[in-house]
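Here's a quick tour for you, topic by topic. Keep the picture open while you read.

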Amino acid sequence: MPGVRAAVQSMKPYVPGKPVEDVQRELGLSDLVKLNQNENPLGPSPRAVAAAQAAMAEVHTYPEGTARRLRNRLAEMWDLPADWFLVGNGSDEVFRLLAEVYLEPGDRVVVPVPSFAAYRFVAELMGAEVVDVPLAGWTMDLPAMADAAAESGAKLLFLCRPNNPTGAVFAEADLRAAMERVPPSTLVVVDEAYREFDATPFDSRALVRDYPNVVVTRTFSKIYGMAGFRLGYGIMRPELLAPIWTARDPFSVNGLAVAAGLAALDDTEHLARTLAVTREGKAYLYAAFERLGLACVPSEANFILFDAGRPAAEVFDRLLRRGVLVRPCASFGLPNHLRVTVGTAEENRRFVEALEAVLKGD
Ligand SMILES: Cc1ncc(COP(=O)(O)O)c(C=O)c1O
């Protein structure tokens, strides 16, 4: 057997959650309220599904590798040139390509802690050294991250806005102030996976235009309800993108996903419905946490982080036995916290009922 790359040898494998069918079978549950991965509880836009179904007729042909139609549509939407857009197999692929193209073993990557695990994953995969910067008050400590990038000569710095798992945001002015201290040779990736849920002012278009080292990423997995299609994109200068076009898998984004993505962008009604369900759901959940005396973090995303006030693993297990799946946050370094996705009114009600029973010890 050939030797495994040192970087891979020292990585821990990603442990995905158990498949929902397995959980249901093992616990004898007839249905499960799935609030663990921040998916859209309304599902995808019916127009996206119809577009993918229509595109099935072409599935014997290779997809147009650069997702040109989608890039043109995004360019219109963002009022930026189409050659600033990279469409990926989820935003995960965009992070991975940035790491593959820009990181040498031993390079530094600044990441917020706790935040989305993929940033650390792609850095470690390339043998880079991860510089952890703890959050300040549930959001990024931008001055500390900028200093860490300057001191370590980091190649990449990841920001998540709203942050997963906290749902908190930072102000554009604070990022602009921090950018004064970030070296121009550090790529600053602003992951906006949950941005469509966030109504606070933040002009990522202006940021990507004003700073040649800023990359913005978005996904179709969250508000567009298309996580299973694996579709996301990055926005950056064509100079940054050129080597990525060389390195990428030419057919990583399939044609069904692109067709669905185009239709999803047009379905503003579905987006509005999703936003309304999320807004109402959040208000209901905040009130429930308050009533139950549980501290939670105000969220600009479609999930809420809350302190169970006891080891959350136990609360997680007991919620699951009652048919409610949430996200335990020990892997984020928060052993007493759980993260719950905002579901439909009925799903939220079932979650609160189950939580209330678990806390009472029923
Ligand atoms: C902050 C954040 N970024 C990116 C992603 C992944 O997005 P995609 O499905 O586009 O790879 C997630 C998914 O959970 C996320 O929470």
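Is arginine 230 buried, partly exposed or exposed? Arginine 230 counts as partly exposed, because its relative accessibility is 27%; here buried means under 20% relative accessible area, exposed means over 50%, and partly exposed is in between, using a 1.4 Å probe and protein chains only.

Before going on, note that this is a predicted model: local features need pLDDT of at least 70, side-chain atom pairs count only at pLDDT 80 or more, and totals for chains, interfaces and linings use all residues. Residues are numbered from 1 along each chain as its sequence is written, and side-chain values use heavy atoms, with hydrogens and water left out. The helices (H or I, at least four residues) and strands (E, at least two) are DSSP runs, numbered from the N terminus.

- Most residues other than glycine have a negative phi, and most peptide bonds are trans.
- Alanine 67 isn't a glycine either, yet its phi is positive at about 50°.
- Look for alanine 67 in the loop between α3 and α4; alanine 67 counts as buried, at 3% relative accessibility.
- Proline 114 sits in the loop between β3 and α6, and proline 165 is in the loop between β5 and α8 (172-179).

**Helix pairs**

- Two packed helices are described by the angle between their axes and the distance between the axes.
- The axes are lines fitted to C-alpha atoms, for helices over the stretch in contact, and the angles run from 0 to 180 degrees between N-to-C directions.
- Helix α3 (residues 46-55) packs on helix α11 (residues 255-266) at about 150°, and their axes are 7 Å apart.
- That angle makes α3 roughly antiparallel to α11; angles under 35 degrees count as roughly parallel, over 145 as roughly antiparallel, 65 to 115 as roughly perpendicular and the rest as oblique.
- α3 and α11 cross in a right-handed way (a crossing is right-handed if the near helix is turned clockwise from the far one by less than a right angle, and left-handed if anticlockwise).
- On the α3 side, the contact residues are Arg47, Ala48, Ala51, Ala52 and Ala55; they meet Gly255, Leu256, Ala259, Ala260, Ala263, Ala264 and Asp266 in α11. Contact means heavy atoms within 4.5 Å.
- Sorted by class, the α3 and α11 contact has nine nonpolar, one polar and two charged residues (Ala, Val, Leu, Ile, Met, Phe, Trp, Tyr, Cys and Pro count as nonpolar, Asp, Glu, Lys and Arg as charged, and the others, Gly among them, as polar).
- Helix α13 (residues 312-321) and helix α14 (residues 345-360) pack at about 125°, with axes 9 Å apart. That makes α13 oblique to α14.
- Val315, Arg318 and Leu319 of α13 make the contact with Phe351, Ala354, Leu355 and Val358 of α14. These residues divide into six nonpolar, no polar and one charged.
- The crossing of α13 and α14 is right-handed.

**Helices with a buried face**

- In helix α6 (residues 118-125), the buried residues are Ala118, Tyr119, Val122, Ala123 and Leu125.
- Looking down the axis of α6, you'd see its buried residues within an arc of 165°, so they line one face of the helix; the arc is that of the directions from the helix axis to the C-beta atoms.
- Those residues of α6 pack against several elements, including α1 (6-9), α5 (91-102) and β4 (129-134).
- Glycine 127 follows α6 and has a positive phi near 75°.
- Helix α10 (residues 238-247) buries Leu240, Leu241 and Ile244. Seen down the axis of α10, they fall within an arc of 85°, so they line one face.
- The face of α10 turned away from its buried side carries the exposed Glu239 and Thr246.

**A buried tryptophan**

- Tryptophan 84 lies in the loop between α4 (68-78) and β2 (85-88), and counts as buried because its relative accessible area is 12%.
- Tryptophan 84 and arginine 237 are 153 residues apart in sequence, but their C-alpha atoms are 5.3 Å apart in space.
- Leaving aside residues up to four places away in sequence, tryptophan 84 touches several residues, among them Val208, Gly234, Arg237 and Leu241.
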